[in-house]
Each structure stands twice: as structure tokens, then as C-alpha cells.
Amino acid sequence: MKILIAEDDPLSSLLMQRTLEKFGYEVVLAEDGHAAIEILSQPDGPRLALIDWMMPKLDGLELCREVRSAQREGAYIYILLLTSRQDAEDVVAGLEAGADDYITKPFHPAVLRARLHTGRRILSLEETLVQAREEMRFKATHDALTSLWNRGSILSVARNELRRCERETRPFSVLLCDIDHFKQVNDNYGHLAGDIVLEEVGRRLVSSVRDYDAVGRYGGEEFLIVLSNCDENSLRARAENIRSAIASMSIQAANAELSVTISIGAITYSSSQPDVPLESILAQADAALYCAKAEGRDRAIFAAPLIEA
Ligand code: GH3
Ligand code: MG
């Protein structure tokens, strides 16, 4: 594990480096507070720091405050302050500045080692918490079956994209896709097979769009795709690609090869008028999807240009 030693005295620094290397740490050295800040703010910088109180430029206390105010999200830095001060006020000042612990000089190597172990334990707990938070965040924003954006999230992506397109006077494009006769898959092959089809359709939709487009599960067997930087002509081509990505290859589920198709309601909306509700644009896409169903399915229909209020 990497550890930072921030210490201006070269001899003390060297002694500590040797001790810590014996303990198995990979040591990174900083000879003043500014250098320490720079090292700690690197994305793969050390997360354990042994910091001398007395240092030129930025002392240990200022460094603690700086680290805490610029804390990278998800990467807590555990600070062990090194000091020759033993007064209660000094200890309190150090901890209040953001140090996690302190050790007074001269120290016994075994005590330093034990204190660093405590730091590692805290860091590992913090990592577990961060992971749990990330998992919760993912679950709150993604659909459990397909792992696509869930309805709330894709709507919020769409709303943000619409506002951006309005600001930059660019066209806003979405595709509303619905699996054809999906109920029959459930009825004929079972709900589990239906789930497999939903997952596979989700995967194919994602691999048919670019990284910066967004795909969400809008409803049961309905998907909403928000395409950025896409005018009507490109949207026509994209819709056809997506339609064919589903129709051209059967999906294997319940020991059967299932032919699956989707119908698409497409819309490209260009407006200089601000604050058009997303709902009215989606209603147009939905109407186009309804036409695609009525005209025989397995096709994309474009909404008539939206009439501005
Ligand atoms: P259409 O071509 O007109 O869209 O017909 P459809 O059968 O696809 O549409 P309908 O709305 O009649 O049926 C949709 C079905 O999707 C009904 C519902 O039980 C099923 N469904 C919704 N969510 C899930 C799911 O998570 N898993 C499975 N297996 N089925 C689902
Ligand atoms: Mg359907």
C-alpha cells in the first residue's frame, strides 16, 4: 500500500522511509506541504499520509485543512499527524484541522505500525461504504432486469438533453421502441423466456447506439432512446439500424429460437422556443409508435413536426 511521508527534514524522512518500507509500504516522499497536496490530489495518489506538523510553505495543520476541503469523492485520505507537541490544545488543534490521529516524536516503530494498521482498517471500512453507496445509487437509477436506465433516470436524461438542445439550438431526437406481440412470448414460452428477450433486446439497443446516447427501460416492454447530436436524417438511419439489430437475429430462450421485432416511434424536435415540455414531445413519439403498430409493426414511423404552441 502506498503511503505519503511529508517531512522537510531529510534525515527524519529517510529514517521513516526505511521503517515504513520494512513494514511493506510503498513510500512516496514530499519535502513540503505544497508537494504533499499535489501528490495527494493525484487520482492514484496515496490514501495514507504521515504528515509532519512543522513544515515550510504549508504546515501540517494547513495541509490537513486543505486536504479535507478538497476531498476527492470516494477516496478518503487517512492522515496521521507527526508532532513533537504533546499539549492537549495542540492535539485538539491537530484533530480539529482534520487529522485522523497523531503520533508524538520520538515514537516507537511498533506503535507507528499499529497506528497505521488502524488507518488501513478505517480506509477499508470507508471503501466498503463507498461501494455500498455506489451499488445503491446504481439500483436507484437502473432497471433491475436489463441494467438499463430506469424510467425516472431516462426521463431525467431526456429532459437535460432537451434543455441543452434548446440552449444550443440543436435538434433533440428520441426513439420510443416497443416489442411487438410481446405478450405472446410470455403466453407461449413463459415469463422467464420473456425476461430473457427483454434483456437481449436491451443489450442490442445499447450496442446499436453510441456511448453518449442513452437507453432506458421506459415501461414493461418499452424502451426510450435519447440520441445526442442527431438530426432527422441521421435519426432515420439510426432507427433503421436499431430495428434491424433486433429483427435480423433470433433470440434464444426456453430452448427455442424466437423471432422478435420492435416498432419505433421517432421524433426530432427543433425549436427556438424555450421550455417545451418533454411530455408533449414524448406524446408525439408515442403517437408515431401507435401508427407503426397499426401499419403492421417491425417499422419506424416519424412523428409529424411538432406544432409549437
Ligand atoms: P404490441 O405489439 O401491440 O405492443 O403487443 P404486446 O403484446 O407487445 O403488448 P401488450 O401491452 O399487450 O403486452 C405487453 C406484455 O409485456 C404484458 C406484460 O405482462 C409483459 N411484461 C411487462 N413487463 C414484463 C417483464 O418484466 N417481464 C416479462 N416477462 N413480461 C413483461
Ligand atoms: Mg409491445
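The shell around ligand 1 is made up of 8 charged, 5 polar and 3 nonpolar residues. Here Ala, Val, Leu, Ile, Met, Phe, Trp, Tyr, Cys and Pro count as nonpolar, Asp, Glu, Lys and Arg as charged, and the others, Gly among them, as polar. This is a predicted model, in which local features need pLDDT of at least 70 and side-chain atom pairs count only at pLDDT 80 or more, while totals for chains, interfaces and linings use all residues. Residues are numbered from 1 along each chain as its sequence is written, chains are lettered from A and ligands numbered from 1 in the order in which they are written, and side-chain values use heavy atoms, with hydrogens and water left out.

**View 1. The shell around ligand 1.** Ligand 1 has 16 residues around it. A residue is near if one of its heavy atoms lies within 4 Å of the molecule. Those that come nearest are His181, Phe182, Asp195, Arg217 and Arg297.

**View 2. Polar contacts of ligand 1.** A polar contact is a pair of N or O atoms within 3.5 Å; within protein, one must be able to donate a hydrogen and the other to accept it, and residues adjacent in sequence count only if both atoms are side-chain atoms. A polar backbone atom of His181 sits 2.7 Å from an oxygen atom of ligand 1. Asn186 uses its side chain: an N or O atom there is 2.8 Å from a nitrogen atom of the ligand. Glu221 places a polar side-chain atom 2.9 Å from a ligand oxygen atom. The protein buries 66% of the 660 Å² that ligand 1 exposes when taken alone. Accessible areas come from the Shrake-Rupley method with a 1.4 Å probe; for residues, only the protein chains shown count as cover.

**View 3. Elements that supply the shell.** Strand S6 (172-179), helix H7 (182-189) and helix H8 (191-208) each give two or more residues to the shell around ligand 1. H8 gives the most, with 4 residues. Helices (H or I, at least four residues) and strands (E, at least two) are DSSP runs, numbered from the N terminus.

**View 4. His181 in its loop.** His181 lies in the loop between S6 and H7. Its phi is positive, about 45°, although it is not a glycine. His181 is partly exposed, at 42% relative accessible area. Buried means under 20% relative accessible area, exposed over 50%, and partly exposed in between (1.4 Å probe, protein chains only).

View 5. UniProt, in an unreviewed entry, lists Asp52 for "modified residue: 4-aspartylphosphate". UniProt positions follow the numbering used here, feature names are shortened, and annotations may be inferred rather than shown by experiment. Asp52 lies in strand S3 (residues 48-52). Its relative accessible area is 4%, so Asp52 is buried. Met55 is in the loop between S3 and H3, and is buried at 9% relative accessibility. Met55 and Asp9 are 46 residues apart in sequence, yet 8.6 Å apart in space, C-alpha to C-alpha. Leu58 is in the loop between S3 and helix H3 (60-69), and is buried at 10%.

**View 6. The cis peptide bond at Pro106.** The bond from Lys105 to Pro106 is cis, with omega near -5°. Pro106 is in the loop between strand S5 (101-104) and helix H5 (109-141).
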